[in-house]
Amino acid sequence: MSLDATFLILAAISVAGSAAAMGLRNAVHCVLALTAGFAGIAGLYLYLGAQFVGFTQIMVYVGAVAILAVFAIMMTHHPGQAEEPFSRYWLWGAVIAAAVFLTLARAVRLAFEPAGSVLAVPPQAPDLTVQQIGEALMHRYVLPLEIIGLLLTAALIGAVIIAMDAKEDPAMEDAVE
Amino acid sequence: MNPLEGYVLLSSLLFAIGLAGALTRRNAILVLIGIELMLNAANLNFIAFWRYGPRPAALTGVMFSIFSIAVAAAEAAVGLALILAAYRHVRTTNLDRMNHLKG
């Protein structure tokens with residue numbers, strides 16, 4: 001079985017979006033391209049049969065993380081001050097990334113080399129319902145779920161406290177202390 | 001080509017793009033976005049191996065990627081808060097100019 005057109009189109013969208021997000025000069029354009037890349041990855045999740053993960057990806061990444069990044073860029077933006085977007089050592093970074101990709105790609109090619117040995121016939125797409133995920137989260141994975149809840153609460157409170165400007169408002173300063 | 005191989009190659013490419021962004025960008029926010037891209041590449045691997053693995057009924061890959069997305073969201077929130085806090089001290093998000101420890 002060869003790669004089909006749906007996979008190739010979604011892969012092209014996600015790669016083009018990600019490459020534009022890392023290559024464009026304007027930071028806001030980068031985040032807009034990033035949403036396209038994340039949406040392509042979400043499409044791949046949906047195509048693989050993981051609907052819940054796909055919609056989670058859209059809500060968390062395309063929705064929340066991208067908007068958070070746009071807000072952060074707007075809050076730290078200096079209009080009229082154009083800076084070189086790439087680091088002085090960008091060539092080294094590009095060379096390292098290319099080397100990592102070539103190494104990984106070669107390892108993957110070698111791992112799949114004996115055709116038909118590794119999962120040559122893909123099984124039928126598993127029929128995964130949200131009910132199954134909910135039951136698994138409530139039974140087998142209930143401890144990780146609680147820990148993730150705790151982590152998210154701590155991260156939320158920590159992010160607010162870190163980002164809060166305590167110096168300008170004395171009342172806030174008392175609240176922090 | 002095996003479909004799983006296509007997904008793993010795509011995920012390596014996304015990882016390399018994220019790594020290139022994290023290593024070459026000057027803007028701290030875009031470096032964080034590069035790290036998010038690398039996490040996404042790992043998630044794609046989880047889902048692809050779940051789909052083409054021997055026991056898809058076990059839901060392991062799906063669970064792993066859900067928890068990984070949650071951790072990545074927490075990381076993005078704290079990371080952006082740290083960037084804003086650092087911006088308040090040095091008035092820039094340019095990593096080449098954030099070169100001293102005392103604010």
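In the predicted model, B:Gly34 touches A:Met22 as well as B:Gly18, B:Leu19, B:Gly21, B:Ala22 and B:Arg25, when residues up to four places away in sequence are left out of the count. B:Gly34 lies in helix H2 of chain B, and it counts as buried because 24 C-beta neighbours fall inside 10 Å, against a threshold of 20 or more. B:Ser68 stands 34 residues from B:Gly34 in sequence, and the C-alpha atoms of B:Gly34 and B:Ser68 are 16 Å apart in space.

The helix that holds B:Gly34 packs against helix H1 of chain B, the axes of H1(B) and H2(B) coming within 7 Å and crossing at roughly 170 degrees. Since angles over 145 degrees count as roughly antiparallel, H1(B) and H2(B) are therefore roughly antiparallel to each other. By class, the contact of H1(B) with H2(B) has 20 nonpolar and six polar residues, and no charged residues.

An arrangement of this kind is also found in chain A, where H2(A) and H3(A) pack at an angle of about 175 degrees with their axes 8 Å apart. That angle makes H2(A) roughly antiparallel to H3(A). On the side of H2(A), the contact is made by residues including A:Ala27, A:Val31, A:Leu34, A:Phe38, A:Ile41 and A:Tyr45, while H3(A) contributes, among others, A:Gln51, A:Gly54, A:Ile58, A:Tyr61, A:Ala69 and A:Ile73. The contact of H2(A) with H3(A) has 18 nonpolar and four polar residues by class, and no charged residues.

Chain A contains seven helices and zero strands, so that, by the definition of these elements, its pattern along the sequence reads α-α-α-α-α-α-α. Of the 177 residues of chain A, 24% count as buried. Among the contacts in chain A between residues at least 6 apart in sequence, 44% join residues at least 24 apart.

The contact between the two chains takes 74 residues from chain A and 62 residues from chain B. On the side of chain A that touches chain B, at least two residues each are supplied by helix H1 (5-23), helix H2 (27-47), helix H3 (51-75), helix H4 (90-111), helix H5 (130-138) and helix H6 (142-163) of chain A. By class, this side of chain A has 59 nonpolar, 11 polar and four charged residues.

The largest nonpolar core has 72 residues, of which A:Ala69, B:Ile29, B:Leu44, B:Ile47 and B:Leu80 touch the most other members. Two or more residues are given to this core by each of H1, H2, H3 and H6 of chain A, and likewise by H1, helix H2 (28-52) and H3 of chain B. The element that gives the most to this core is H2(B), with 15 residues.

B:Tyr52 has its place in helix H2 of chain B, and it counts as buried because 22 C-beta neighbours lie inside 10 Å. B:Tyr52 and B:Ala20 are 32 residues apart in sequence, and their C-alpha atoms are 29 Å apart in space. B:Leu59 is placed in the loop between H2 and H3 of chain B and has a phi near 65 degrees, a positive value in a residue other than glycine. With 21 other C-beta atoms within 10 Å, B:Leu59 is buried. A positive phi, near 55 degrees, is also given for B:Arg91, again a residue other than glycine; B:Arg91 lies in the segment after H3 of chain B and is exposed, with 11 other C-beta atoms within 10 Å. Most residues other than glycine have a negative phi.

As to confidence, the predictor gives the complex an ipTM of 0.90 and a pTM of 0.88. Chain B averages a pLDDT of 89, with 98% of the residues scoring at least 70; among its helices, the mean is lowest in helix H3 (residues 60-90), at 91, and highest in helix H1 (residues 3-24), at 93. Chain A averages a pLDDT of 85, with 84% of the residues scoring at least 70. In chain A, confidence is lowest in helix H7 (residues 170-176), at a mean of 53, and highest in H1(A), at 94. Where pLDDT is low, the predicted coordinates should not be read in detail.

Technical notes:
Residues are numbered from 1 along each chain as its sequence is written. Chains are lettered from A and ligands numbered from 1 in the order in which they are written. This is a predicted model: local features need pLDDT of at least 70, side-chain atom pairs count only at pLDDT 80 or more; totals for chains, interfaces and linings use all residues. Two residues are in contact if their C-beta atoms, placed from the backbone, lie within 7 Å. Helices (H or I, at least four residues) and strands (E, at least two) are DSSP runs, numbered from the N terminus. Ala, Val, Leu, Ile, Met, Phe, Trp, Tyr, Cys and Pro count as nonpolar, Asp, Glu, Lys and Arg as charged, and the others, Gly among them, as polar. Axes are lines fitted to C-alpha atoms, for helices over the stretch in contact, and angles run from 0 to 180 degrees between N-to-C directions. Angles under 35 degrees count as roughly parallel, over 145 as roughly antiparallel, 65 to 115 as roughly perpendicular and the rest as oblique. A residue is buried if 20 or more other C-beta atoms lie within 10 Å of its own, exposed if 12 or fewer, and partly exposed in between; C-beta atoms are placed from the backbone. pLDDT is the predictor's confidence in each residue, from 0 to 100. A nonpolar core is a set of buried Ala, Val, Leu, Ile, Met, Phe, Trp, Tyr and Cys residues joined through C-beta atoms within 7 Å.
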